[in-house]
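Colleague: I have the sequence and the model open. Please take me through them, one question at a time.

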Amino acid sequence: MTLRIHLFKSIAQWLDRWQPPETALLGVTASLIGLVTAGGIWLFKRLIDLVQAIALTRLAPALAPLGTWSIALLPFLGGLVVGLILHWFVGVERHHGVAGVIEAVALAGGRLRYWRMPAKLVGAAISIGSGASVGPEDPSVQLGANLGSMFGQVFHLSDERMRALAAAGAAAGIAAAFNAPLAGIFFAIEIILGEISASAISTVVIAAVASSMLTQSIAGAQPAFAVPAYSMKSPWELPIYFGLGLLAGPLATVYIHLTYAAQDLFHALPFPRWLKPALAGLLVGVVGLGLPQALGVGYKSIEGVLNNAPFGLGLLLALLFAKLILTPLSIGGGFLGGVFAPALFVGAMLGAAYGGLMQRLLPGMGLISASYAMVGMAAMLAATVHAPLMAILLLFEMTNDYHILLPLMFAVVVSLSLSRWLQRHSIYTLALARKGIHIQHGRDIEVLETISVGEVMQTSPPVLNEDVTLEEAAEKFMQLRLHGLPVVNAQGNLVGMLTVQDLERAQSEGMDPHTPVSQVCTRQLVVTYPDETIGAALRCMSVRDIGRLPVVSRQNPRQMVGLLRRTDLIRAYDAALVRRAVLRHRAQQVRLGAISGVNVHEVVVEAGAPCSGRLISQTAWPRNAIIVTVRRRQQVIVPHGNTRLQAGDVLTVIADEAALGDLQRLCNGRTAHT
């Protein structure tokens with residue numbers, strides 16, 4: 001350890017004296033990251049093989065006298081070892097897998113706790129080797145990103161350079177894991193960086209190419225899956241692929257929600273954290289007794305489906321639903337691994353089952369179920385991670401088949417559009433959104449983009465019935481001091497908007513004051529929706545010079561659910577400023593944790609808590625806990641002994657797990673974010 005630190009310091013001092021050009025420095029560093037990542041992933045795969053060999057040749061025969069059911073104990077034992085590794089060597093992490101990399105790149109300048117990576121790789125190898133339903137790509141991405149972050153931190157590079165190196169490492173990880181450099185590049189762009197950055201793209205490309213070159217020199221240039229040649233029989237197949245996209249989008253949404261439902265379930269269980277992976281492993285093992293193909297990564301089953309192996313429709317559907325349950329159980333229980341490979345597995349089973357069904361229904365078209373399995377893999381993956389270019393290129397590079405691109409792109413666009421409509425967050429960004437962190441284009445989003453129309457609209461605005469006269473409407477405008485009101489019919493459905501300008505125009509045209517407003521109001525309306533952002537609504541109001549917008553249901557455009565006025569935007573802006581202050585405060589927490597290597601938590605002071613209303617110096621805080629800041633609404637306070645805590649204060653604390661429990665009890669035992 002000391003030798004390594006001295007070596008890095010010597011290199012850093014040499015770079016300070018030499019001061020090489022930025023492009024040369026980043027190019028050499030990116031190449032080194034790519035090569036080391038590829039070598040590390042090769043060793044990681046060998047470690048997985050070793051764990052599988054031990055499990056099948058040593059543990060399984062030793063457990064055989066207990067009966068055939070004892071094979072279910074393999075994931076249980078693997079989970080027990082993984083739980084102990086997490087407890088002793090990794091500790092509590094804010095986010096699982098790639099979500100933590102996205103957060104670090106967006107909010108902490110690419111700083112990651114790289115010293116935890118060896119223990120996490122060993123835990124991931126044991127997870128996959130013992131049969132947990134997780135994939136190897138998340139650990140591969142984390143390995144590359146952590147290596148990039150390590151180089152950036154050791155050489156004291158700027159945040160922008162460190163972000164680029166972390167993204168380059170992630171690209172190298174995908175390139176080595178799937179022998180797919182183009183997919184690795186677009187993974188870094190679409191998921192890690194969130195944008196095409198001119199300063200980062202060359203670094204990302206160099207790392208992915210270097211990683212792929214070493215991987216191909218060691219393992220060969222063959223694609224990840226051996227598949228037969230494919231050709232689309234007729235353009236009439238495209239509507240069939242459209243149907244596959246329609247199925248993959250909702251299925252990916254279910255997959256995302258099941259993953260976080262399982263995490264919430266295991267988090268609520270009153271068991272020690274280190275024991276939860278063992279419990280998940282036992283459940284996985286029991287299912288694996290009947291469906292062993294659903295255990296582990298599942299690449300052999302995928303390749304079998306792609307090569308038209310005799311999988312019956314019932315078996316395909318059983319494997320699909322088993323994987324859809326086992327992966328959330330594995331990840332929620334604490335196994336280390338990714339969601340990539342399971343998404344590919346589910347997509348392959350879905351596509352093969354769908355293609356087989358279409359073969360029976362349309363026997364004259366000569367459909368090949370394997371081609372639908374390939375397209376289903378990309379459609380499911382794109383809808384899960386919301387990265388269409390990466391999914392398309394990954395499947396192309398894994399199959400080396402140009403002919404599949406057209407139906408592939410078509411199904412991916414359909415599934416992604418439907419998935420985003422059902423669930424706007426990907427499986428990665430939902431983890432951040434649940435913590436109140438909304439990332440777009442790799443950055444915290446514009447201030448008014450953090451507030452939705454539904455949060456600030458008037459939910460019960462005054463309205464005019466369509467048979468009210470112009471004279472009565474003018475009186476109501478004067479009473480309420482308003483310049484416009486929605487017009488509704490007897491059923492309460494939105495008919496139009498009546499403004500002061502409409503009344504003035506009617507008066508200038510000499511219309512009878514007893515004319516109903518339905519004949520004068522504006523019927524071609526510009527509307528907004530509760531889930532639309534205030535920023536989007538404001539842009540619409542500015543372009544059309546409108547002072548108010550009816551808020552309607554997306555399912556029924558005539559059902560008005562509220563009214564948005566310009567005066568409501570002031571409230572929205574104040575709320576957005578508070579939210580931005582909270583986001584920046586959390587970004588500082590992420591930086592603090594990344595730089596110091598300690599666990600940073602947020603704890604809310606509840607009404608009636610022992611510390612509420614007391615000075616910090618008057619409360620007996622745990623020894624291994626330090627209060628860093630106190631957030632009180634929009635204000636962030638650096639605490640002192642004479643700082644008096646109030647109900648609703650959010651404390652940012654550095655604490656170990658033992659001290660955190662005592663701290664929560666002092667604050668009434670509830671924690672907002674950990």
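Colleague: Is the crossing of H20 and H21 left-handed or right-handed?

Modeller: Helices (H or I, at least four residues) and strands (E, at least two) are DSSP runs, numbered from the N terminus. A crossing is left-handed if the near helix is turned anticlockwise from the far one by less than a right angle, and right-handed if clockwise. For H20 and H21, the crossing is left-handed.

Colleague: What pLDDT do local features need?

Modeller: Numbering runs from 1 along each chain as its sequence is written, and side-chain values use heavy atoms, leaving out hydrogens and water. This is a predicted model: totals for chains, interfaces and linings use all residues, side-chain atom pairs count only at pLDDT 80 or more, and local features need pLDDT of at least 70.

Colleague: How is H20 placed relative to H21?

Modeller: Axes are lines fitted to C-alpha atoms, for helices over the stretch in contact, with angles from 0 to 180 degrees between N-to-C directions. The axes of H20 (residues 470-480) and H21 (residues 500-508) come within 11 Å and cross at roughly 140 degrees. Under 35 degrees is roughly parallel, over 145 roughly antiparallel, 65 to 115 roughly perpendicular, and the rest oblique. H20 to H21 is therefore oblique.

Colleague: Which class do the residues in the contact of H20 with H21 belong to?

Modeller: Contact means heavy atoms within 4.5 Å. Leu470, Ala474 and Phe477 of H20 meet Val500, Leu503 and Ala506 of H21. Ala, Val, Leu, Ile, Met, Phe, Trp, Tyr, Cys and Pro count as nonpolar, Asp, Glu, Lys and Arg as charged, and the others, Gly among them, as polar. The contact has no polar residues, no charged residues and six that are nonpolar.

Colleague: Is H12 roughly parallel or roughly antiparallel to H14?

Modeller: The axes of H12 (residues 299-306) and H14 (residues 340-361) come within 10 Å, crossing at roughly 30 degrees. That angle makes H12 to H14 roughly parallel.

Colleague: How many nonpolar residues are in the contact of H12 with H14?

Modeller: H12 brings Tyr299, Ser301, Ile302 and Val305, and H14 brings Ala341, Leu344, Phe345, Ala348, Met349 and Ala352. The contact has one polar residue, no charged residues, and a nonpolar count of nine.

Colleague: Which handedness has the crossing of H3 and H11?

Modeller: The axes of H3 (residues 73-90) and H11 (residues 276-290) come within 7 Å and cross at roughly 165 degrees. The two helices are therefore roughly antiparallel. The crossing of H3 and H11 is right-handed.

Colleague: How many polar residues are in the contact of H3 with H11?

Modeller: From H3 come Leu73, Pro75, Phe76, Gly79, Leu80 and Gly83, and from H11 come Pro277, Ala278, Gly281, Leu282 and Gly285. Of these, seven are nonpolar, none is charged, and the polar count is four.

Colleague: How far apart are the end C-alpha atoms of H13?

Modeller: The expected span of a helix is 1.5 Å times one less than its number of residues. H13 (residues 313-333) has 21 residues, so it should span 30 Å; the end C-alpha atoms agree, at 30 Å.

Colleague: Which residue follows H13?

Modeller: Look for a positive phi, near 120 degrees. The residue after H13 with that phi is Gly334.

Colleague: Is Asn179 buried or exposed?

Modeller: Asn179 sits in the loop between H7 (159-178) and H8 (181-193). Its phi is positive, near 55 degrees, though Asn179 is not a glycine. Buried means under 20% relative accessible area, exposed over 50%, partly exposed in between (1.4 Å probe, protein chains only). At 12% relative accessibility, Asn179 is buried.

Colleague: What is the relative accessible area of His386?

Modeller: His386 is in the loop between H15 (369-385) and H16. Phi of His386 is near 55 degrees, positive in a residue other than glycine. His386 counts as buried because its relative accessible area is 10%.

Colleague: How far is Leu389 from Phe186 in space, C-alpha to C-alpha?

Modeller: Leu389 is in H16 (residues 388-399) and, at 44% relative accessibility, is partly exposed. Not counting residues up to four places away in sequence, Leu389 touches Phe186 and Glu190. Leu389 and Phe186 are 203 residues apart in sequence, but in space, C-alpha to C-alpha, the separation is 6.6 Å.

Colleague: What percentage of the residues in the protein is buried?

Modeller: The protein has 24 helices and twelve strands. Of contacts between residues at least 6 apart in sequence, 76% join residues at least 24 apart. Among the 674 residues, the buried share is 54%.
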